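Trainee: I would like to go through this model step by step. Please answer my questions in order.

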Amino acid sequence: MTTTFGRKLITICVFVFIIGCNVLSTGLHLKAQSVVSDHLIQMAEESLGAQYDANIFEFRLGEKWIPETIKTLGKDEIVEVKLDGPLRKFSNFRVSYIEAERGTMQHRFVQLEVTGRIKTYTTQDKLAQGKKLTKDRIQSLWIPFEANYKQFVLDEQDLLGNEANRLLIPGKPIKINEVKIPSILEAGAEVSLLFKNGALVLSLQCESLDDAALGQKVPIYCKEQRTKYVGIVESATVASWSKTL
């Protein structure tokens, strides 16, 4: 005959067993959700890798917000994870998946934290304003990812042959507005302004009012006509008419 103590002991054991099963079930559920989240993040990283040059960008993504409906999906149900909108620290991604019950394509949005690094460029030594950027004067520099990365020069070809627009310091990434195309036409220099109309070409001897690089527009003053024009620089001494001011 079961004693009162025995019944209590059995009740406690059953209670502990139920709690253990619930804990185990919860643990397995959370583990399954973690697997789906990791898979989704991996797909997002691969998507960014295909969209952005892997020689310049190295991304690491982490979960910021993923709906429970996404976490309960099977890995095979997720078809695509793609950036939606601008790339920033917390970016939105569109998740396309197959709804099991209907067999139709559905879309939900998640938010992931974007970290990683970007390859930029810096100078080997201090480089004064007006000095040319050559291959032996620059070197690559990896910096942490930031949303306003477009302010930095990411392509070496955008530096070579150009000149510093201000003093450049080694170890600091070079910004786009810190370099410029070298001027071939100087302010105050004489310039032939060409007016072209088919085979007919007229030329006026004028004066450049500003420094300008090849292909750039520059204000020009023609003393005899007492008129200002805008010309497009063709060489150090020639510009073609663009408009009359």
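Trainee: In which strand does Leu202 lie?

Mentor: This is a predicted model, in which local features need pLDDT of at least 70 and side-chain atom pairs count only at pLDDT 80 or more, while totals for chains, interfaces and linings use all residues. Residues are numbered from 1 along each chain as its sequence is written, and side-chain values use heavy atoms, with hydrogens and water left out. Helices (H or I, at least four residues) and strands (E, at least two) are DSSP runs, numbered from the N terminus. On that numbering, Leu202 lies in strand S9.

Trainee: Which residues is Leu202 in contact with, leaving aside its neighbours within four places in sequence?

Mentor: Contact means heavy atoms within 4.5 Å. Leu202 and Ser192, 10 residues apart in sequence, have their C-alpha atoms 9.7 Å apart in space. With neighbours within four places left aside, the contacts of Leu202 are Leu193, Leu194 and Phe195.

Trainee: Is Phe195 exposed, partly exposed or buried?

Mentor: Phe195 is placed in strand S8 (residues 190-197), and not counting residues up to four places away it touches Leu200, Val201, Leu202, Leu204, Tyr229 and Trp241. Buried means under 20% relative accessible area, exposed over 50%, and partly exposed in between (1.4 Å probe, protein chains only). Because its relative accessibility is 21%, Phe195 counts as partly exposed.

Trainee: How many helices and strands does the protein chain have?

Mentor: From the N terminus on, the elements run α-β-α-β-β-β-β-β-β-β-β-β-β-β. The protein chain therefore reads, under the DSSP definition of these runs, as an order of elements that can be counted directly. The count is 2 helices and 12 strands.

Trainee: Which element has the lowest mean pLDDT?

Mentor: pLDDT is the predictor's confidence in each residue, from 0 to 100. The protein chain averages 87, and 86% of the residues score at least 70. Over residues 14-32 the pLDDT is below 50, and beyond near neighbours in sequence this stretch has 2 contacts in the model. Strand S5 (residues 138-144) has the highest mean, 97, and the lowest, 64, belongs to helix H1 (residues 4-51).

Trainee: Which strand gives the most to the lining of the largest pocket?

Mentor: On a 1 Å grid over the protein atoms alone, a pocket is an open set of points where a 1.4 Å probe fits, with protein on both sides within 12 Å along at least five of seven lines; lining residues have an atom within 4 Å of a point. Gly188, Ala189, Glu190, Leu204, Gln205, Cys206, Glu207, Tyr221, Lys223, Glu224 and Gln225 form the lining. With 4 residues, the strand that gives the most is S9 (residues 200-208).

Trainee: Is Arg226 buried or exposed?

Mentor: Most residues other than glycine have a negative phi. Arg226 has a positive phi, near 50 degrees, and is found in the loop between strand S10 (217-222) and strand S11 (227-233). Because its relative accessibility is 72%, Arg226 counts as exposed.
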